[in-house]
Amino acid sequence: MSDTFRNLVDGAWTDAATGQTFGVTNPADPTDIIGTFPNSGPADVDRAAEAASDALGSWSDTPAPQRGRILREAGDLLSNRKEDIARSMTREMGKPFFETKGDVQEAIDTAYYAASETRRLFGHTVPSELPDKMNMSIRQPVGVCGIITAWNFPVAVPSWKILPALAAGNTIVFKPSEEAPHSGRLFVETLLDAGLPDGVINIVNGAGDAGEALVEHPEVDAVAFTGSYEVGTSIAETCGRLNKQVSLEMGGKNPMIVMDDADLDLALEGVIWGAFGTTGQRCTATSRLICQEGIHDEFVEMIEEEADSLVLGDGNQDDTDVGPLINEAALDNVSGYVDTGQDEGATLKFGGNQAHVDGLDGYFFEPTIFTDVTPDMRIAQEEIFGPVLSVLTVNSYEEAVEVANDTKYGLSSSIYTEDIQKGFQAMSEIDAGITYVNGPTIGAEAHMPFGGVKGTGNGHRDGGWAAFEFFTEHKTVYVDYSGQLQKAQMDSVEE
Ligand code: UN1
């Protein structure tokens with residue numbers, strides 16, 4: 001079954017002015033066509049941004065708890081549709097059904113969380129320096145928000161940005177990834193069906209051109225982005241030039257430290273799903289395993305054995321553990337890194353090849369393990385975004401932290417240890433936005449900040465109250481009920 005999909009502008013499904021389209025196929029089986037989507041250009045972005053701008057006044061004037069009611073209803077609809085959305089997400093971007101259900105669940109949790117915050121959009125009420133005067137700060141929306149997201153969490157990550165933005169009274173132009181636009185659309189449909197007024201959210205499908213036009217558009221006040229470092233920093237440059245607010249989440253090279261005293265069974269589960277879950281295509285993927293030397297050999301053997309038992313296949317088959325990579329380019333990229341690792345002198349311990357799954361011509365790649373990796377190697381520094389685990393060896397906790405911090409990124413991190421002191425030390429000593437103690441580098445809870453330091457981010461966070469910080473402005477209000485002239489008041493203070 002193949003379908004033709006359109007942009008969403010002011011509540012109407014609309015063809016792109018460009019007249020161009022692009023196709024989306026199932027990465028497990030590229031002969032399976034999901035549909036065609038508009039390949040939008042600046043004129044399409046313009047229509048969507050104007051619609052969002054026109055809708056801003058009445059949406060931001062809607063009492064916040066009423067906005068929350070719509071978001072709660074969207075949460076209910078996402079719950080009812082969870083399995084259907086997850087099935088089509090798996091078909092569109094490949095990760096297994098048990099993972100896509102988790103993706104939708106994050107959006108459900110975020111919907112209920114954001115809805116509840118609409119009753120708590122707190123500002124401050126503080127004393128004034130002067131008598132009979134009251135000072136307040138209240139929260140106001142930023143305006144029209146451009147939301148640009150990746151394909152690997154095509155419902156969860158948009159929900160982390162869009163739902164708090166809507167709760168706070170902003171309106172949206174959403175450009176989903178061109179690799180997973182259908183999942184993004186299914187998410188937006190729940191908002192429309194929940195009663196979101198026309199124009200409050202608009203969808204512009206397309207690639208980099210559409211994204212650039214969105215960032216540049218004068219009606220767009222703020223941009224929230226998840227994707228690569230290269231694209232993120234170029235968006236930041238544009239936003240800097242145009243004085244727009246921008247929130248960036250740009251990936252990671254996430255370390256998992258496993259100390260000699262760790263519970264290796266726990267750590268094994270953590271590293272397998274951290275490194276190979278979602279075929280390694282998460283910003284939070286465990287891409288560096290930093291082993292203390294005492295457990296290195298035994299632990300690597302355990303990982304190899306477990307990796308060997310993982311079933312690759314179509315994520316909509318019940319027994320599949322690991323789906324395909326997203327596309328041909330990803331396959332080339334990951335294969336290229338396997339060559340690089342070998343050229344750099346690392347030992348290819350397991351995997352390293354494109355995998356073939358009977359009856360499917362998809363982009364499968366074997367779970368891959370490199371040992372004898374040193375911190376200077378590219379496979380220890382660069383985000384591969386595939387099922388490649390680089391194993392480094394260290395002698396001590398101090399060295400482990402030093403190696404963990406030796407990267408331009410700082411998203412997620414983890415330490416496995418039975419030593420409570422080391423666990424607590426790592427919490428503050430690892431340079432990352434997220435540290436897990438005795439847990440994998442992956443996962444997230446809706447009410448917690450999500451994002452990173454150094455090259456991963458720019459000081460903002462998705463998730464929790466932190467997202468509301470980005471999507472609101474402080475308005476400072478002074479109320480003077482003294483009836484006194486300003487000058488008389490000033491004199492009374494000086495005396
Ligand atoms: C991302 O890859 O951009 O850590 C987000 C996780 C997710 C979030 C990943 N919940 O598994």
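Ala, Val, Leu, Ile, Met, Phe, Trp, Tyr, Cys and Pro count here as nonpolar, Asp, Glu, Lys and Arg as charged, and the others, Gly among them, as polar. The structure is a predicted model, in which local features need pLDDT of at least 70 and side-chain atom pairs count only at pLDDT 80 or more, while totals for chains, interfaces and linings use all residues. Residues are numbered from 1 along each chain as its sequence is written, and side-chain values use heavy atoms, with hydrogens and water left out.

On a 1 Å grid over the protein atoms alone, a cavity is a set of points where a 1.4 Å probe fits but cannot get out, and a pocket is an open set with protein on both sides within 12 Å along at least five of seven lines; lining residues have an atom within 4 Å of a point. Grid points are joined across faces, edges and corners, and a volume is the space filled by probe spheres set on the points.

The whole structure holds four cavities of 30 Å³ or more.

| Space | Volume | Lining | Classes in lining |
|---|---|---|---|
| Largest pocket | about 980 Å³ | 40 residues | 17 nonpolar, 14 polar, nine charged |
| Largest cavity | about 80 Å³ | 14 residues | six nonpolar, six polar, two charged |
| Second largest cavity | about 50 Å³ | 14 residues | six nonpolar, five polar, three charged |

Nearest the centre of the largest pocket lie Trp-151, Phe-225, Gly-227, Ser-228 and Val-231. In the largest cavity, the residues nearest the centre are Gly-280, Ala-285, Ser-287, Ile-384 and Phe-385; in the second largest cavity, they are Pro-255, Tyr-409, Gly-410, Ser-412 and Asp-431.
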